[in-house]
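Here's a quick briefing to read alongside the model. Have the viewer open and follow along by topic.

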Amino acid sequence: MTMWVDTTLVFLALTSILLLGSSRLTRCIRIVAFQGVLLGVLTVAVHAHAVTLRVVALASSILVLKGFVFPWLLSRVLRDANVRREIEPLVSYIISMLAGTLGLAVSFWLSTRLPLPAPPLSLLVVPVALFMTLAGLFLIVSRRTALMQVLAYVVLENGIYAFGVGLVQETPMLVELGVLLDVFVAVFVMGIAIFHINREFDHIDADQLATLHDWTP
Amino acid sequence: MGHAPMTPAAIIPVLSPLLLAPLLLGVIARTKAVVAGRRGAPLLQPYYDLVKLLQKSAVYSRTTTWVFRAGPVVGLAALLCATAYVPLGGIPALLSFEGDLIVFVYVLGLLRFFTVVAALDTGSSFEAMGASREVTFAALAEPALLLGLVGVARNAGSFSLSTIYAGMDTAAWTAAAPALALIAAALLVVFLAENARVPVDDPTTHLELTMIHEVMVLDHGGPDLAFILYGSALKLWLLGALFVGLVVPIRSGIVWLDTAAALTGMLGLAIVTGIIESSTARWRLLRIPQLLVGAGVMAAVALVLMLR
């Protein structure tokens, strides 16, 4: 079963790198949706020795929420906001991909230095989870479109979830579901926020929000 | 100095590209024709072309120097050298030593250098444009090729292509499937890019502005062009053999069985290339660096996976 876990984790890392190099927002949404499906598979693969109702419920709620509901919500926002691609990212796509590779190497190095309470299921869990968190953070600071920042936030959360599910196998289901609910609400609220930003300013470039203030010197 | 004992089988990885490489071009052209609903040229057409070109005499412009004449000759010589180092499937190459994969990559670099220099020697602006594109993309494809080869070298614990590919069996795949699949994908992209195939370059295009590789050889004719055509067929075979050796992990130890598997793999690769060329268009020039950097990133991720 380690092979399934490994393959899923490699796919998670690759999709994150792909996201770093993608400009079309519909494609980015699809990539993040695929990550949601992968996380559902990962949940089952990690608990493959004892598939209980709890595991199935958790995996299917992850899969439905992150693989279908979030993408659907965000696609709707995208359609309403009428943007097709990220315009002029602060860091170019090729540099982002190279930075992502560097980040992956750093995560692998970090994972060897990190003292863990229990050995993880697969040697890839910690580095890939760290890398997804790093990639999410990198995307949040290097992209201008509000939608892309929401996607990056979801990737960051995916990394944290992968860390949890791969490392701490006996997390109470209530905690997992609570986190999932938080993320759901966050994406929902951010979707509404993007819609309002767009309606007010005709764009979703978050950089220009920095010029908003009452006081003028 | 060959570490591996020389066996009669060592002649197979040398003879098969020398004899069969132009056939690959024919198979690709035929696949494209069949997919497009045409009958297509005979499978042996590249051989007829070579014979026809060899019977002609070359024409040289007065503005060119010896560099222009040396280009095709040095290029073919470099490829013949490279042929000696590339194994076919699990069958070891004619020559092998620790580090021959670096020699292989740099012999290909020498070929590229002389093609580019010969193109620049003509003083044609089109050829200079092609040369500039060629080196731009090569600079991105080379790291992908080297990182991929270093990845498999790390897996095999050897820097010799023959040793690496002799150990690339099903056991190696079960041990490190994700990393090897990434390297295979990177090598496929390098194979398409280095051989000027779609989506990087369109070998059948007749517009100088869009060409990369073809535009550099516009001024060559007769035997020189024959050398270049034969050389590009050899290069197609050699880089293809690196890919096929990886994805066809049949290492039975029986020479004829391994040869048959590898040759079938090469034939399959030619058909796959034809299908890729029929189903995708040439990409915009701006997107090609993304593809090549993507291949390099995949190879780098594979290397990180191997190193862990």
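Helices here are DSSP runs of H or I with at least four residues, strands are E runs of at least two, and both are numbered from the N terminus. On that basis, chain A has seven helices and zero strands, while chain B has 11 helices and zero strands. Keep in mind that this is a predicted model, where local features need pLDDT of at least 70, side-chain atom pairs count only at pLDDT 80 or more, and totals for chains, interfaces and linings use all residues. Residues are numbered from 1 along each chain as its sequence is written, with chains lettered from A and ligands numbered from 1 in the order in which they are written.

**Chain A overall**

- From the N terminus on, the elements of chain A read α-α-α-α-α-α-α.
- Its radius of gyration is 18 Å, close to the 17 Å that the globule rule gives for 217 residues, so chain A is as compact as a globular protein of that length. (The radius is taken over C-alpha atoms, and the rule is 2.2 Å times the number of residues to the power 0.38.)
- Taken along the principal axes, the C-alpha atoms of chain A fill a box of roughly 60 × 35 × 30 Å.
- Of the 217 residues in chain A, 42% are buried. (Buried means 20 or more other C-beta atoms within 10 Å of the residue's own, exposed means 12 or fewer, and partly exposed is in between, with C-beta atoms placed from the backbone.)
- Among contacts in chain A with a separation of 6 or more, 77% are between residues 24 or more positions apart. (A contact needs C-beta atoms, placed from the backbone, within 7 Å.)

**Helix α3 of chain A**

- α3(A) has 29 residues and reaches 40 Å from its first C-alpha to its last, close to the 42 Å expected at 1.5 Å a residue. (That expected span is 1.5 Å times one less than the number of residues.)
- A kink of about 30 degrees sits in α3(A), centred on A:Leu65. (The bend at a residue is the angle between axes fitted to the seven residues ending there and the seven starting there.)
- Buried residues in α3(A) include A:Leu58, A:Ile62, A:Lys66, A:Phe70 and A:Leu74.
- A:Ala57 also belongs to this helix, which covers residues 53-81, and counts as partly exposed because it has 13 C-beta neighbours inside 10 Å.
- Just after α3(A), A:Asn82 takes a positive phi of about 60 degrees.

**Chain B overall**

- Along its sequence, chain B follows α-α-α-α-α-α-α-α-α-α-α.
- A compact globule of 308 residues would have a radius of gyration near 19 Å, and chain B agrees with its 19 Å.
- The C-alpha trace of chain B spans about 55 × 45 × 40 Å along its principal axes.
- Buried residues account for 51% of the 308 residues in chain B.
- For contacts in chain B with a separation of 6 or more, 79% link residues 24 or more positions apart.

**The α8-α9 loop of chain B**

- Most residues other than glycine have a negative phi, and most peptide bonds are trans.
- B:Ala196, in the loop between α8 and α9 of chain B, has a positive phi near 55 degrees.
- B:Ala196 counts as buried because it has 22 C-beta neighbours inside 10 Å.
- A cis peptide bond joins B:Val198 and B:Pro199, with omega about 5 degrees; B:Pro199 is in the loop between α8 (177-194) and α9 (223-247).

**Core packing**

- The largest nonpolar core has 161 residues, and those with the most contacts inside it are A:Leu147, B:Leu24, B:Val190, B:Leu292, B:Ala299 and B:Val301. (Such a core is a set of buried Ala, Val, Leu, Ile, Met, Phe, Trp, Tyr and Cys residues joined through C-beta atoms within 7 Å.)
- α9(B) gives the largest share of this core, 16 residues.
- Leaving out residues up to four places away in sequence, B:Ala299 touches B:Ala144, B:Leu147, B:Gly148, B:Gly151, B:Leu182, B:Ile183 and B:Ala186.
- B:Leu246 is in α9 of chain B and is buried because it has 23 C-beta neighbours inside 10 Å.

**Where the chains meet**

- The contact takes 16 residues from chain A and 10 residues from chain B.
- On the chain B side, helix α11 (residues 288-307) gives the most, with eight residues.

Note on methods:
Contact = placed C-beta atoms within 7 Å.
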